Amino acid sequence: MFRELWDQFDNLEKHTQWGIDVLEKYIKFVKERTEIELSYAKQLRNLSKKYQPKKNSKEEEEYRYTSTRAFLATLNEMNDYAGQHEVISENMTSLITGELTRYVQELKQERKSHFHDGRKAQQHIETCWKQLEASKRRFERDCKEADRAQQYFEKMDADINVTKADVEKARQQAQLRHQMAEDSKAEYSSTLQKFNTEQHDHYYTHIPNIFQKIQEMEERRIVRIGESMKTFAEVDRQVIPIIGKCLDEITKAAESIDHKNDSQLVIEAFKSGFEPPGDIDFEDFTQPMKRTVSESSLSNSRGDGKSEPKFGGKSKGKLWPFIKKNKLSLKLGAGPEDFSNLPPEQRRKKLQQKVDELNKDIQKEMDQRDALTKMKDVYIKNPQMGDAASVDHRLAELGQNIEKLRLEVQKFEGWLAEVEGRLPLRTDQARRQSGLYEAQNTAAVNSCAQDRESPDGSYTEEQSQETEMKVPATEFDDEFDDEEPLPTIGTCKALYTFEGQNEGTISVAEGEMLYVIEEDKGDGWTRIRRNEDEEGYVPTSYVEVYLDKNAKGAMTYI
């Protein structure tokens with residue numbers, strides 16, 4: 001019991017102040033924990049947002065694979081995970097920081113009141129002690145004065161030379177002093193009795209009561225900080241099941257990854273519909289007859305004496321017709337409306353996608369027409385609500401739009417039926433040619449052979465398209481028959497980094513020095529070479545060209 005500390009008032013005051021300091025320190029600790037939780041939650045949300053796919057971007061297409069969908073689910077769950085840390089911060093702020101802050105203010109007021117009462121009691125007992133000391137000193141003084149007066153009287157009485165009147169006066173003075181001493185004695189006795197009573201009440205009643213209240217206050221503080229620590233743990237424990245669910249969902253998403261399904265999606269995304277090329281026929285050069293062109297050869301039949309391209313070696317001549325076309329397709333933008341520039345399977349998917357989009361547009365237009373029709377009926381029944389004739393123009397416009405879209409659907413469905421009908425057809429020549437088409441991911445150029453046709457008839461570019469591209473047939477023929485590497489005609493320096501992701505282009509880094517083998521012919525592209533095996537086209541605006549007009553065809557590879 002604190003009453004045993006009756007003489008340790010100052011130490012008890014220091015201890016209770018230390019207890020309040022501990023409580024404030026714990027409040028500060030919890031506050032910093034809430035700030036950490038908020039910061040962590042914010043960082044988690046930013047991380048999740050950073051890796052979310054951007055709308056209307058190529059990333060959205062990548063999320064059709066189960067592995068990327070699982071990653072997206074992980075990002076969403078991490079967002080929910082961050083939300084639970086925000087809940088921890090909010091609950092700790094309201095249940096611990098806020099409550100303890102208010103309690104500390106109340107505790108300080110209560111402590112101040114108890115120690116004020118204690119100091120007041122101490123001041124009272126000290127006042128009583130001073131009164132006792134004064135009464136004691138007065139009693140002591142009066143006793144000494146009475147003793148001196150008695151001695152003086154006895155001396156005067158013994159002296160025969162002193163008159164009787166002087167003796168009588170000395171006797172009366174001695175009696176007066178004795179009376180004063182008696183009065184001081186009585187007062188001292190009364191004061192002492194009173195002080196003893198006050199002192200007993202002080203040490204056995206007042207101080208114990210005050211110290212009991214201080215003890216109760218201190219014990220409540222200790223209990224309160226213990227309860228706050230339990231709440232601290234409970235706030236964390238409450239979100240554990242939800243965090244567990246988030247982690248379970250991440251695990252579930254990971255288990256949903258289907259590698260077979262993803263592989264099939266890759267096949268469907270890039271399958272051309274062609275079959276691999278067949279065997280190449282043996283050409284017997286021992287016979288004394290004019291060499292004929294193999295039906296699998298890609299050289300033309302102009303009979304200009306040039307040898308046909310080979311499939312081995314480091315020559316790039318046989319590839320350039322397709323690369324040239326891809327380069328021009330980059331400049332001209334989108335392909336033909338019927339997607340005839342694509343391989344059959346890719347064309348079928350594009351046509352099906354277009355049909356689905358058109359059907360969705362038709363449904364939207366029909367929904368608008370139905371809504372306007374209902375509105376018109378309401379106007380007819382209730383003319384005060386609006387003019388029924390005001391919607392006729394819009395209804396007519398919607399009808400025309402629906403008819404146009406239906407015609408578009410019929411057109412694309414016709415092309416789709418044509419592709420789906422031709423996909424199964426395969427011939428030996430088609431198989432041989434389709435291998436080269438698939439390798440280049442583009443159609444053969446008609447100018448290489450006037451009677452050339454793609455394996456299913458839907459992969460051949462029309463002469464009108466070639467004319468629209470404004471590329472002379474002789475240019476393709478010259479590049480196609482070019483067996484030897486082109487000589488360098490100068491050098492160039494890359495002004496910017498260019499990522500050559502399309503067929504026929506080449507990637508360059510800013511500041512890189514390369515060889516020029518064909519200058520810009522007005523189409524905005526320059527053909528360059530890095531080394532013996534790497535050459536391609538880059539935008540002319542991306543490089544600074546230094547032509548060597550005295551070049552004689554000799555070159556040194558980088």
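**Group meeting: helices and a sheet in a predicted model**

Helix H1 crosses helix H3 in the left-handed sense, meaning that the near helix is turned anticlockwise from the far one by less than a right angle; clockwise would be right-handed. Let me start there, with a word on the ground rules. This is a predicted model, in which local features need pLDDT of at least 70 and side-chain atom pairs count only at pLDDT 80 or more, while totals for chains, interfaces and linings use all residues. Residues are numbered from 1 along each chain as its sequence is written, and side-chain values use heavy atoms, with hydrogens and water left out.

Back to the helices. H1 covers residues 9–50 and H3 residues 66–158; their axes come within 8 Å and cross at roughly 165°. Axes here are lines fitted to C-alpha atoms, for helices over the stretch in contact, and angles run from 0 to 180 degrees between N-to-C directions. H1 and H3 are therefore roughly antiparallel, the word for angles over 145 degrees; under 35 is roughly parallel, 65 to 115 roughly perpendicular, and the rest oblique. The contact of H1 with H3 divides into 23 nonpolar, 14 polar and 10 charged residues. For those classes, Ala, Val, Leu, Ile, Met, Phe, Trp, Tyr, Cys and Pro are nonpolar, Asp, Glu, Lys and Arg are charged, and the others, Gly among them, are polar.

How does H1 pack with helix H4, residues 164–255? The angle is about 15°, with the axes 11 Å apart, which makes H1 roughly parallel to H4. H1 passes H4 in a left-handed crossing too, and the contact of H1 with H4 has 15 nonpolar, 4 polar and 4 charged residues.

While we are on H3, please find glutamate 154, which lies in that helix. Glutamate 154 counts as partly exposed, at 47% relative accessibility; buried means under 20% and exposed over 50%, with partly exposed in between, using a 1.4 Å probe and protein chains only. The C-alpha atoms of glutamate 154 and valine 167 are separated by 8.7 Å, and the two are 13 residues apart along the chain.

Next, helix H7, residues 344–381. At 1.5 Å a residue, its 38 residues should span 56 Å, and the end C-alpha atoms are 55 Å apart, which agrees. The expected span is 1.5 Å times one less than the number of residues. Buried residues of H7 include Leu351, Val355, Leu358 and Ile362. An α-helix has 3.6 residues a turn, so residues three or four places apart point the same way.

Now the sheet. Helices (H or I, at least four residues) and strands (E, at least two) are DSSP runs, numbered from the N terminus. Here 5 strands form an open, antiparallel sheet in the order E4-E3-E2-E1-E5, where pairing needs at least two DSSP bridges. Which strands stand at the edges? They are E4 (535–539) and E5 (543–547), each with a single partner, so one side of each is left without a neighbour in the sheet. The twist averages 40° from one strand to the next.

Walking across, E3 (residues 525–529) pairs with E4 over 5 bridges, and tryptophan 525 stands opposite proline 539 in E4. E1 joins E2 (residues 513–518) through 4 bridges, with threonine 491 partnered by tyrosine 515. E1 also pairs with E5 over 5 bridges, where cysteine 492 faces valine 545. Finally, E1 (residues 490–494) has Gly490, Cys492 and Ala494 on its covered face, with Thr491 and Lys493 on the uncovered one.
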